[in-house]
Amino acid sequence: MTYEYTDYLNTQALPSMWCAGCGNGIIVRSVAEALAHLEIPPHKVVITTGIGCFGKADDYFATHTFHGSHGRALAFATGIKAGNPDLHVIALMGDGDAVTIGGNHFIHTARRNMDITAVVANNLNYGMTGGQYSATSPLQSLTSTAPRGVPEQAFDVAALAETAGANYVARTTAYHVMQMKKLVIAAIQKPGFSLVEVMTPCPTHFGRRNYKGQHDMMLYFKDHVLPWKRYEQMPLEEKAGYMPRGVFADRDKPDFLKTYRKINNMDPDR
């Protein structure tokens, strides 16, 4: 059966609640387009979310959805996948939900290599609750809780997932829409834990404090989040202020459920 991306969306809930200039809607459409491309029946998909701006993403999907507590989207996704391995489980999280409040769940889901696709909308702050800094806010950036500059080093979300053991790790931005769709398709197809980190603008809070105009944060991602080969070729002294995008890990380790069945002498295909 052929599907359209709108088959995965709750169009009656549109327009979305997100601010003008936010990239979250772009990410939702890319996920829906990826599912349509793969022709996965909507009833075979479960979207899990937590709290925060991107935690509202489940409102806009017509698949099965599970909206849980802050930082626990991957914990709920783990239970759903373990309970029904035939489902395609996709956890949609912001940077606060994924690696700040939910950091421990993130690390251990990657370590276990659960067959879950995680899409993290990284807008570099807690956008929904007033622009407080999160674990991904850049050092010395301005936020509502650090008006003189963030004093902490930020997590590299993609590097964290790769180091913890994820099978597939990629990064793109809300500007690079065609690349985002391709990466999400690959992430859904890859057995084991897959991460697609999407750098996305927050014009209301982070963008207003750190960039001149509403669209400047998106344009910054366009010009400063570079293809990883180009980034790697840059001299070290020129890399400050830039970050790579693309695929950083593409492994074929058996996922958690396959390993569990093997060591317990169970049918690996059950």
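This is a short talk on one predicted protein model, from the whole chain down to single residues.

Let me start with the ground rules. The model is predicted, so local features need pLDDT of at least 70, side-chain atom pairs count only at pLDDT 80 or more, and totals for chains, interfaces and linings use all residues. Residues are numbered from 1 along each chain as its sequence is written, and side-chain values use heavy atoms, with hydrogens and water left out.

First, the whole chain. The protein chain has 10 helices and eight strands. Both are DSSP runs, numbered from the N terminus: helices are H or I with at least four residues, strands are E with at least two.

How does the radius of gyration agree with a compact globule? For 270 residues, such a globule would have a value near 18 Å, and the protein chain has 18 Å, so the two agree. That radius is taken over C-alpha atoms, and the globule rule is 2.2 Å times the number of residues to the power 0.38. Along its principal axes, the C-alpha trace spans about 55 × 45 × 30 Å.

Now the surface. The accessible surface of the protein chain is about 12600 Å². Carbon and sulfur atoms hold 53% of that surface. These areas come from the Shrake-Rupley method with a 1.4 Å probe, and for residues only the protein chains shown count as cover.

What share of the residues is buried? Of the 270 residues, 49% count as buried. Buried means under 20% relative accessible area, exposed means over 50%, and partly exposed is in between (1.4 Å probe, protein chains only).

Next, contacts, meaning heavy atoms within 4.5 Å. Take contacts between residues at least 6 apart in sequence. Of these, 68% join residues at least 24 apart.

And charges. There are 26 positive and 24 negative charges in the protein chain, and their mean positions are 3 Å apart. Lys and Arg count as positive, Asp and Glu as negative; His and the chain ends are not counted. Each charge is placed at NZ of Lys, CZ of Arg, CG of Asp or CD of Glu.

Let's zoom in on one helix, α6. Helix α6 covers residues 177–189, which is 13 residues. From first C-alpha to last it reaches 19 Å, close to the 18 Å expected at 1.5 Å a residue. The expected span is 1.5 Å times one less than the number of residues.

Which residues of α6 are buried? They are M180, L183, V184, I185, A187 and I188. An α-helix has 3.6 residues a turn, so residues three or four places apart point the same way. The buried residues of α6 pack against helix α1 (24–38). They also pack against five strands: β3 (88–94), β4 (117–122), β5 (168–173), β6 (194–199) and β8 (243–250).

Pick V184 from that helix. V184 is buried, at 2% relative accessible area. Leaving aside neighbours within four places in sequence, V184 is in contact with V31, A34 and V196. N10 is 174 residues from V184 along the chain, and their C-alpha atoms are 20 Å apart.

Now helix α1, where R29 sits. Is R29 buried or partly exposed? R29 is partly exposed, with a relative accessible area of 39%. R29 and N125 are 96 residues apart in sequence, with C-alpha atoms 22 Å apart.

On to helix α3 (residues 95–100), which holds G96. G96 is buried, at 5% relative accessible area. Beyond its neighbours within four places in sequence, G96 is in contact with H70, I101, G102 and Y126.

Go back to the segment before α1, where M1 lies. M1 counts as exposed, at 73% relative accessibility. M1 and P41 are 40 residues apart along the chain, and their C-alpha atoms are 8.4 Å apart. P15 is also in the segment before α1. The peptide bond from L14 to P15 is cis, with omega near 5°.

Last, two backbone angles. E39 is in the loop between α1 and β1 (45–49). Phi of E39 is near 55°, a positive value in a residue other than glycine. E39 counts as partly exposed, at 42% relative accessibility. L124 is in the loop between β4 and α5 (157–164). L124 is not a glycine either, and has a positive phi of about 70°. At 7% relative accessibility, L124 counts as buried.
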